[in-house]
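I'll jot things down in the order I looked them up.

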Amino acid sequence: MASKLCIFALLAAFAAIVLSAAPGAELQINQRGLNAFAQVGVNLLNSRIPGMKIPDASSFTSEAIHWSWSLWDIKIDSFHVDQTRTGVSAVPSDKLNVHIVDLNFKISARYRIKVREGFIHARKSGSIDAWTSGATTSATVAITSQSGRPHLTSVDCNANLGDFQIKFHGGLISKIINIFRHKIADHLKSKLNGIICSEVSKIVSGEGNQALAGIPLEFNLHGDAAGFHVDYGLTSNPYATTQFMGIPVQGKFWYDGHQNDAGIPKPSGALKPIARNEMICVALDGQGIFGSATYAFRQSPKSHFHIDRDVLRHFPQSIQNYFSCDCTGKNCISTIIPEIEAFCKKGASIAIDAEATAFPGFHFNASGAYISAQGKGQLSSFPMVLGSTPLFELDAKLEILIENTLRIEDWVIKGNVKLTDAELAVKSPVVPISIHHLQKWWNEALSIVVSQVANQILANGLPLPSFPKASPVNPKFTFSEHELLFCSDLKAN
């Protein structure tokens, strides 16, 4: 639901559990972001309040002069808040103030007035119109937790409805009008203030907390990534500065059965405040996000993979030829690595049983995220002859670049990887293999296949905490020394 509760819901969604660990990610929403959500949110009040009825007024009697009045059929004919003059400010350490400025409304009602003083008896009935412009309302909302889930509570609300203008229809004399005008105005102000604050409270406790219940703190990936999870549970309370509201979260990958492994790399603790013009930013700690992702990968079956005919058939024939024992010519494995020609029988092809064994480090620069990876593989001729041994074993130290040309799709970061460096070692129980021959085969064929396999593994991307009913506009990605930063403006859906 597009409402000012969207921002409350988002901020509170990560505020239920207070932990002590350094965050693996942090959400930061600046003043533009807070204001934008509030400006969208006043649509709820603008749509709900017009047409509402105010309860009939009671009669009152003055001691100075015996008179009474009553109002009925009291209706709010119009109600409008100027979105452009509505904003939110953060109140350290866990509250938000909503400022609604330039509020306009019109009320109509039926009235009856009785006056009795001495021999003077008067009775009059008719209709009135009451209106004001430039009124204001302020509300304070607290972000707490309840039953392990984030919870919103309306703390305070007050409307300053300014000077009421009241027009009586029915021909009252001026003195009588003045007697009733202030009493009626005070009564209508009190009732309207109650309606406005009641609706704000309903939005907060109703739609707001319903929205919170629908925001997951954990993503369970599907398809090829089934078994992987991303945890965005809160690591500490949200906090406020003069520039933004910050929400520290876990930002941790894990694989089934390994959520609390002691070996999961911890965040670096290097995330810092961001001074950007975009409405929202998500800072991702490189060691926390990529470290936990690679650890989860090592615990999963995905860390073991095969490169065989089923995989190679998705590549151009020119690449398949590098793995075929039937290939003749310069772009064939038996030509590039002549040592194995005698073991590469007609009708066979080269198959690789590979395993990622370690991810010893990460570093970022303007080009993207560089991940150091180690792996090993056994290369065999397929189909294998009974009792035969692998042709050779390959050890590789790779540098994998997640390129800075990232994109956001439905609040999921996606991108491409490429291999930028490879240090190879080879040993063979069959025949000595020249490392120079192997390097040539790697450069011309195997590196292309491994890059494609890596891209397929990463195709599911990194899901981010999504803003309810909002889409990113002009997203920007920046790699710094220790973090990946995603910043964007927002558009309400």
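This is a predicted model: local features need pLDDT of at least 70, side-chain atom pairs count only at pLDDT 80 or more; totals for chains, interfaces and linings use all residues.

How much accessible surface does the chain have, and what share of it belongs to carbon and sulfur atoms? I get about 22,900 Å², with 51% of that on carbon and sulfur.

**Entry 1, the chain as a whole.** I counted eight helices and 24 strands. Of the 493 residues, 48% are buried. I also checked contacts between residues at least 6 apart in sequence: 69% of them join residues at least 24 apart.

Next I went for the nonpolar residues. In general, nonpolar side chains in soluble globular proteins tend to be buried together. Here the largest nonpolar core holds 135 residues, and the members touching the most others are Leu 71, Phe 323 and Trp 441. Why does the core lie between the two domains? Because domain 1 (30-214) and domain 2 (218-492) both give residues to this core.

I then clicked on Phe 323 and skipped its neighbours within four places in sequence. What remains in contact with Phe 323 is Leu 312, Ser 349, Ile 350, Ile 352, Trp 441, Ala 445, Leu 446 and Val 449.

I traced an open sheet with antiparallel pairing, and its strand order is S15-S16-S17-S18-S21. Strands S15 (304-307) and S21 (417-427) are the edges, each pairing on one side only. With direction ignored, neighbouring strands are turned by 25° against each other on average.

Then I walked across the pairs:

- S16 (residues 349-365) and S17 (residues 368-382) run antiparallel and are joined by 14 bridges. His 363 faces its opposite number, Tyr 370 in S17.
- S17 and S18 are antiparallel too, over twelve bridges. Gln 378 stands opposite Glu 393 in S18.
- S18 and S21 run antiparallel with ten bridges between them. There I found Leu 394 opposite Val 426 in S21.

What packs on this sheet? I found helix H4 (residues 286-299), touching S16, S17 and S18 (392-403). The direction of H4 makes about 160° with that of S16. Helix H8 (residues 435-457) packs on the sheet as well, and touches S15, S16, S17, S18 and S21. For H8 the angle I noted is about 135°, taken against S21.

Asp 410 has phi near 55°. Where does Asp 410 sit? In the loop between strand S19 (407-409) and strand S20 (412-414). Is Asp 410 buried or exposed? Its relative accessibility is 72%, so Asp 410 counts as exposed.

Asn 474 has a positive phi of about 50°. This residue is found in a strand, S23 (residues 470-479). Asn 474 comes out at 55% relative accessibility; the cut-off for exposed is over 50%, so Asn 474 counts as exposed.

How values were computed: Residues are numbered from 1 along each chain as its sequence is written. Side-chain values use heavy atoms; hydrogens and water are left out. Helices (H or I, at least four residues) and strands (E, at least two) are DSSP runs, numbered from the N terminus. Buried means under 20% relative accessible area, exposed over 50%, partly exposed in between (1.4 Å probe, protein chains only). Contact means heavy atoms within 4.5 Å. Accessible areas come from the Shrake-Rupley method with a 1.4 Å probe; for residues, only the protein chains shown count as cover. A nonpolar core is a set of buried Ala, Val, Leu, Ile, Met, Phe, Trp, Tyr and Cys residues joined through side-chain atoms within 4.5 Å. Domain bounds come from an automatic or database domain assignment. Two strands pair if DSSP finds at least two bridges between them. Axes are lines fitted to C-alpha atoms, for helices over the stretch in contact, and angles run from 0 to 180 degrees between N-to-C directions.
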